[in-house]
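I opened this notebook to look up charged side-chain pairs. The entries below keep to that topic.

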Amino acid sequence: MTVTTPGGFRAAGVASGIKTAEKLDLALVVNDGPHHHAAGVFTRNKVKAAPVLWSEQVLGTGSLRAVVLNSGGANACTGHEGFQVAHATAEKAAEVLGCGAIEVAVCSTGLIGKQLPRDTVLAGVEKAAGVLDATEAASLAAATAIMTTDTVAKQAAHADPAGWSVGGFTKGAGMIAPSMATMLSVLTTDAVVDPADLDPALRAAVRVSFDRLDVDGSMSTNDTVLLLASGASGVTVGAAALTDALTAVCRDLARQMQADAEGVTKRIVVRVGGARTEDEAVVVARTVARDSLVKTALFGSDGNWGRIAAAVGYSDAHVDPDRIDITINGTLLCSGGVAAGGRTDADLSGEDIVVDIALGLADGEAEILTTDLSHAYVEENSAYPS
């Protein structure tokens with residue numbers, strides 16, 4: 001169940017030599033049609049990697065035949081030379097696939113500031129094109145080739161009983177915060193869709209999935225989510241059904257990223273209800289999820305609800321301190337802004353923690369996925385990329 005689950009798609013993952021001769025580091029996904037509709041969502045970081053700048057341009061046509069992705073180097077902060085490498089990568093893929101460079105998106109991930117070895121990348125594209133396949137093994141190789149600090153490949157799919165499907169893969173384990181949770185992701189569907197429906201459907205799915213994953217508050221220069229539609233199933237699908245299927249796949253992938261986040265020992269869901277609006281609920285939940293004192297307390301299995309209350313209070317949302325209720329793993333610890341029990345009453349010994357915050361103002365609600373702040377996270381990021 002992955003990027004080639006929908007009909008009309010092939011994939012490949014190869015060791016090109018960007019990393020080492022043995023490690024998979026370059027992936028290729030190809031849409032064989034009959035349709036080549038596409039949409040994309042990119043980082044809002046003002047410092048954008050060269051492949052993001054290139055892919056934003058080509059998505060202006062609303063059509064893609066292929067995507068080339070590499071790990072081992074972000075091709076960010078690499079100037080004119082870096083952009084030329086991204087352009088040359090698209091041109092090479094177009095040459096071997098028999099299409100135009102304007103039909104090829106490019107994605108990169110890895111260390112910022114490192115120039116990619118142009119000849120190595122171009123040879124890798126040709127190598128990948130030679131082993132393209134629609135098998136699960138080929139898809140797994142592609143998903144593996146884009147991993148950096150990820151420990152497992154991340155894939156998902158949704159098959160509709162009507163005979164069409166959505167599939168995809170993603171990478172992401174650190175530098176995770178909106179927009180799009182710091183990641184590369186390719187999503188595919190074989191549904192016959194109105195091209196005008198693709199962009200809003202993708203953005204709606206991303207808004208409640210990848211944009212709701214916030215591990216460390218750090219926004220990447222390379223975030224990219226691409227959606228390719230082949231129409232190979234012959235089944236016409238409306239905007240609502242497409243959005244629902246995309247959302248299901250994206251949420252699955254977001255939770256896989258949460259589970260594999262750098263240094264993770266606790267998978268945390270922060271749920272906020274009773275806010276004036278959904279947007280304000282998101283603000284409160286994200287503020288709590290990013291708070292270092294909250295994250296370290298939960299790492300220590302400490303139900304220190306006072307840290308949560310403090311984070312709620314310094315958020316930019318409207319809050320009435322006398323109406324705040326805080327429940328952790330089903331145990332009410334704060335009611336009406338004051339203690340409702342001991343902070344050791346909640347059982348936080350397991351890997352999953354749910355923090356429920358009720359603001360008591362209206363019906364706005366939202367949730368953010370996050371993780372704890374552990375020794376391993378600090379150690380991993382202090383050593384990267386050594």
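Predicted model: local features only at pLDDT ≥ 70, side-chain atom pairs only at ≥ 80, totals over all residues.

Entry one. I searched the whole structure for salt bridges and got 17. I kept in mind that side chains of opposite charge can pair when their charged atoms come close.

Entry two. I looked up E126 and found its side chain in a salt bridge with K92, at 3.2 Å from N to O. E126 sits in helix 3 (residues 118-129) and K92 in helix 2 (residues 79-97). The two are 34 residues apart, and the pair links distant parts of the chain.

I asked how E126 and K92 are classed by accessibility. E126 counts as partly exposed because its relative accessibility is 45%. K92 has a relative accessible area of 15%, so I noted it as buried.

I then checked D260, whose side chain meets that of K154 in a salt bridge of 2.6 Å, N to O. D260 lies in the loop between helix 6 (239-259) and strand 10 (267-275), while K154 is in strand 6 (residues 154-159), so this pair ties together parts 106 residues apart in sequence. I also looked up burial here: D260 and K154 are both buried.

I turned to R323, which forms a salt bridge with D320; their closest N and O atoms are 3.3 Å apart. R323 is partly exposed, at 44% relative accessible area. D320 is also partly exposed, with 24%.

Note on methods:
Residues numbered from 1 in each chain as written. Heavy atoms only, no water. Salt bridge = Lys/Arg side-chain N within 4 Å of Asp/Glu carboxyl O. Helix = DSSP H or I, 4+ residues; strand = E, 2+ residues; numbered from the N terminus. Buried < 20%, exposed > 50% of the residue type's maximum accessible area, 1.4 Å probe, protein only.
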